[in-house]
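Welcome to this guided tour. Keep your viewer open, and select each stop as we come to it.

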Amino acid sequence: MTRPPMSSKSLGELQKAAQQFSLGNSTAAEAICRTLQLKFPHAVDVIHLLALICKKQGKVAEAEELFKNCIDQAPRRADFHANLGNLYRSNSRFDEARQQYRQALSCDTSFRPARLGLARLSNEMGEHQNAEQEALILVNNDDRDREAWNVLGSSYRGKREFAQAEAAYRNALTLNPKYGIARHNLGALYTELNRPVEALAEFQQATDCGVTGSEININRASALMELGQFEEAVELLLNSVSTIPDDIEALELLAKIRYMRG
């Protein structure tokens, strides 16, 4: 049975939904997509956008179902596989994520989001050599890819090739000095190298760029501890624990500081 195509007006509504989503207004974007889905239940781009919205809202099961629906309809769309891979990766379903990223690349070997996702996943799994290989493909394709340089830096850091890691992070920051994640990663590298003053300077810049959360608090606390600034370190860790009471890494570092202080 032939399915009716979306009208130009409906396509305009879909574009409006995408714009609302990109602006962070998931509720408005979802409302538009739900209305379009009633009219065009098999419109794959509507389903895909709705899947992205559900992922953003934490509706993991529904997002997975919608992404799979898209893949059933268009199995050669690399973006569908890559976004399902992102969903799996964000929920620590690493083997399934890798399978989807590789499927995306089999559909389109040049599809950057899939290769970047695979490189990040490899770092998270401790497979830093694989991460390096994927990231090098990206930077060789585009030496202005700051995200690829950042991932490459993390692969070198994981392999304890610290000079190469610092150079890669610096390349990312040369491309965008306000790239907060690279600032944070460079600070973490300096902490590992017992360069706490430089680390704290990078963490401050990362914070100024909007980086927040437990990980940066723990890394800042580690640098402060190296400088003997225990009270400030404890305050940061207590802030993390108040937000995430079962933050094991923060609790362990807090216990270590208290032990050192007697």
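Select it and show its neighbours: leaving out residues up to four places away in sequence, Glu30 touches Leu50, Ile53, Gln57 and Lys59. Here a contact means heavy atoms within 4.5 Å. Glu30 sits in helix H2, residues 26-39. Helices here are DSSP runs of H or I with at least four residues, strands are runs of E with at least two, and both are numbered from the N terminus. Is Glu30 buried or exposed? Glu30 has a relative accessible area of 14%, so it is buried. The cut-offs, for a 1.4 Å probe and protein chains only, are under 20% for buried, over 50% for exposed, and in between for partly exposed.

Before moving on, a word on what you are looking at. This is a predicted model, with residues numbered from 1 along each chain as its sequence is written. Local features need pLDDT of at least 70 and side-chain atom pairs count only at pLDDT 80 or more, while totals for chains, interfaces and linings use all residues; side-chain values use heavy atoms, with hydrogens and water left out.

**The whole chain**

Zoom out and colour by secondary structure. How many helices and strands are there? The protein chain has 15 helices and zero strands. Along the principal axes, its C-alpha atoms fill a box of roughly 75 × 40 × 30 Å. Of the 262 residues in the chain, 45% are buried. Among contacts between residues at least 6 apart in sequence, 46% join residues at least 24 apart.

**Ser8**

Next, select Ser8, which is in helix H1, residues 8-22. Ser8 is exposed, because its relative accessible area is 65%.

**The nonpolar cores**

Select Leu152, Leu237, Leu253 and Ile257. In the largest nonpolar core, which has 41 residues, these four touch the most other members. A nonpolar core is a set of buried Ala, Val, Leu, Ile, Met, Phe, Trp, Tyr and Cys residues joined through side-chain atoms within 4.5 Å. Stay with Leu152 for a moment: setting aside neighbours within four places in sequence, Leu152 is in contact with Glu132, Ala135, Leu136, Val139 and Ala168. There is also a second, separate core of 37 residues, and Met6, Val46, Leu87 and Leu121 are among its members.

**The largest pocket**

Rolling a probe the size of a water molecule over the atoms shows where empty space is left. For this stop, select Arg89, Arg120, Asn123, Glu124, His128, Glu147, Asn150, Val151, Ser154, Tyr179, Ile181 and Asn185, the residues that line the largest pocket. Helix H7 (112-124), helix H9 (146-158) and helix H11 (180-192) each give two or more residues to this lining. Which helix gives the most? That is H9, with four residues.

The pocket has a volume of about 330 Å³. The search uses a 1 Å grid over the protein atoms alone: a cavity is a set of points where a 1.4 Å probe fits but cannot get out, whereas a pocket is an open set with protein on both sides within 12 Å along at least five of seven lines, and lining residues have an atom within 4 Å of a point. Grid points are joined across faces, edges and corners, and the volume is the space filled by probe spheres set on the points.

With a relative accessible area of 14%, Asn123 is buried. Not counting residues up to four places away in sequence, Asn123 touches His128, Ala131, Val151, Ser154 and Ser155. Asn123 and Ser155 are 32 residues apart along the chain, yet their C-alpha atoms are separated by 6.1 Å.

**Two loops**

Select Ser92, in the loop between helix H5 (78-90) and helix H6 (94-107). Ser92 is not a glycine, but its phi is positive, at about 60 degrees. Ser92 is exposed, with a relative accessible area of 53%. Then go to Asn194, in the loop between H11 and helix H12 (196-208). Asn194 is another residue other than glycine with a positive phi, near 60 degrees. Asn194 is exposed, at 55% relative accessible area.

**The cysteines**

For the last stop, select the cysteines. How many disulfides are there, if a disulfide is a pair of cysteine sulfur atoms within 2.5 Å? The count is zero. Cys107 is in no disulfide, and the nearest cysteine sulfur, that of Cys70, is 13 Å away. Cys107 counts as buried because its relative accessibility is 19%, while Cys209, at 30%, counts as partly exposed.

How values were computed: A disulfide is a pair of cysteine sulfur atoms within 2.5 Å.
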